[in-house]
Amino acid sequence: MDVFNPKILDACIRDVASCLTDNQKADLLFYSAPSIRIDSYTRVIVENAMQSCLQIPKLSSEKIAKARILRARCRFAAGMHLSANEDLQAALAVEPDNPEATALLYQRSVTVEKLLSPLPRSKERLSNEIWTEIISYLQRRDLKTLLFVPHLISRIASQLLFKELDLHFGAISTSDNDVDLRHRSPSLAEEDTRYARRTADILSHIIVDHKFATGIRTLTIYALTEDKNGTMVFQIGILTNALLRLTNLRDVRIFASSTCIATISRVLNVTCPRLRGLSLYSSDCPTDLSFATFKHLAQFLYHAEGGSAAIVSKIIAQNSSLQTLSIRNKNWTLPSNTIAIRNLTRIDFSGHLPMNSQALADILTHGRQLECLTLGLNVDCASSSQVFRSMPRALPFLRHFAFTVHGVSSRIRDLDLFPSIAEFLRGRQQLQKLCLNAYDGDVQHIVGFDAALWGVLPSLLQLRTLEISYPSDLSPGLAAWLIPRNVRALTLTLNTLNSHMRDPSAFLDQLRPGVPPDLQYIGLTQIPVRNVALIVERGFPMVRVVRGYHDNMVLEMEQWPRRRAIYNAAEWLEWLGCEDALVSAQDSIFRG
């Protein structure tokens, strides 16, 4: 036959069963019931089947006991222990010598006795508070491992782990290249589906479980996918309902379009007016936050393209207690006149430094409590070097300093900019992280970025993280020895026109003798080496993580999945012992 009814087997079973006697039907049920996997749906089916068998007149005592035992097993699996015990007692009443019922009843009595017996007291037993304090020092990956330990610590680890939640809406990216890649690799689409299901489960749990919802302190939302089919509106609607339950939320980070950011921020403005941290990353255009009334923020991050800095001026002005401020927009200037710089411990600004700007002078004058200063500038101010020269002892508590020049105005030529920064940093024993970059070769010549700048490095004895551009006039054999011996994470930015790019193998061979022995992480930009194993073998045999930035690099060692590299890089670097690595200034801000 060409046409086959998929339900024909069910019909045949029904027809055969209609020809059997009641006792034979009971035997059929007894035979098939043990092979059914018990859940909330099948439990009702099995219980109804056994109850119907018990209603058969003249059923033998052996079959009555068998029906009772099968129903008892089903009820045990569902956690209905009292009714299961009643079935076992009834099975023994009709068949006192039934070994299966006796064994199940004995096993149950031993389990209950163990549960009801008092726990042994010993002087070594630790309280919940002590366990919580101990486990709080573990990394997130170790907390995930503790979830499988049959001990009190698994519950404590779960509470600590879910204090920080991240929700993913949509795929990683919708660019044309990524779409093509997704068609070639179905596993990427499956991974997106798995993350979408995970997010839906978490939102449902937040809505129905009040205790779980009140334990969440930090929430990160990724919704960077373009909403082409309208599903994002529905998902954000569910999210806004869940946000109403997060009464103890203290820190929110949103990576989304301006529309999504505005929708979520309006809900947070009502449900979490005492929010302590707000980080916004807009994938298209700035979001209007004129409605926001947050007045208790200690951390504020805003990254966007275009628009006016007046968008965030209100939030900055009404939060005088800000300790961390991060603004990234290449068209904006730092609103130093509205910022209480004296209260800040972290500043991360990437934007424009206009002519006659007082922003640098204000930061060095009033930022006495600053521990982290990250600046990425398009420079149009000729007096920047004079500011650093005039205040060499400013920022006494500085531990993390980053200065990057993205571009310079055609009318500016400040050859003393980076030399003045070098003198500003020289001998600072508290400095642990340093980033000095001028990516373009022409820019390096204009701002004085040359081999002499590397001469400041040996004086920074406590430096653990270094990201720095490699000038064309610096010898590789000397460069590696200038790097402080305590550095554990190193990122070198090589210009594409650098002479060392012609023979990267020789460059790596010259670097290797002077590389710090405890180096765990190496990042290389624009180096044309297609085999990562060659980088490790020829230049950095001691590292655990290699990060390549070249667009056409092919990784022949273990390559991280894209979601790990985009969303969980900081967590994995910490687990691999590379927590000192500068993945980005944003990670530094987020992880404190």
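**Close-up views of a predicted protein model**

View 1. Arg71 is buried, its relative accessible area being 7% (buried means under 20% relative accessible area, exposed over 50% and partly exposed in between, with a 1.4 Å probe and protein chains only). The model is predicted: local features need pLDDT of at least 70, side-chain atom pairs count only at pLDDT 80 or more, and totals for chains, interfaces and linings use all residues. Residues are numbered from 1 along each chain as its sequence is written, and side-chain values use heavy atoms, with hydrogens and water left out. Arg71 belongs to helix H4 (helices, H or I of at least four residues, and strands, E of at least two, are DSSP runs numbered from the N terminus). Leaving aside residues up to four places away in sequence, Arg71 touches Glu47, Met50, Gln51, Leu54 and Asp87 (contact means heavy atoms within 4.5 Å).

**View 2. The packing of helices H3 and H4.** Helix H3 (residues 40-54) packs with helix H4 (residues 61-77) at an angle of about 160°, and their axes are 9 Å apart (axes are lines fitted to C-alpha atoms, for helices over the stretch in contact, and angles run from 0 to 180 degrees between N-to-C directions). H3 is therefore roughly antiparallel to H4 (angles under 35 degrees count as roughly parallel, over 145 as roughly antiparallel, 65 to 115 as roughly perpendicular and the rest as oblique). From H3, the contact is made by Arg43, Val46, Glu47, Met50, Gln51 and Leu54; from H4, by Ile64, Ala67, Arg68, Leu70, Arg71, Cys74 and Arg75.

**View 3. Asn356, a loop residue with positive phi.** Asn356 lies in the loop between strand S7 (346-353) and helix H16 (359-366). Its phi is near 60°, a positive value in a residue other than glycine. With 63% relative accessibility, Asn356 counts as exposed.

**View 4. Leu395, a buried loop residue.** Leu395 is located in the loop between helix H17 (384-390) and strand S9 (400-408). Although Leu395 is not a glycine, it has a positive phi of about 55°. Leu395 counts as buried, at 1% relative accessibility.

**View 5. Confidence along the protein.** The mean pLDDT of the protein is 81, and 82% of its residues reach 70 or more (pLDDT is the predictor's confidence in each residue, from 0 to 100). Confidence is highest in helix H18 (residues 417-425), at a mean of 94, and lowest in helix H25 (residues 585-590), at 40. Over residues 583-592, pLDDT stays under 50. Where pLDDT is low, the predicted coordinates should not be read in detail.
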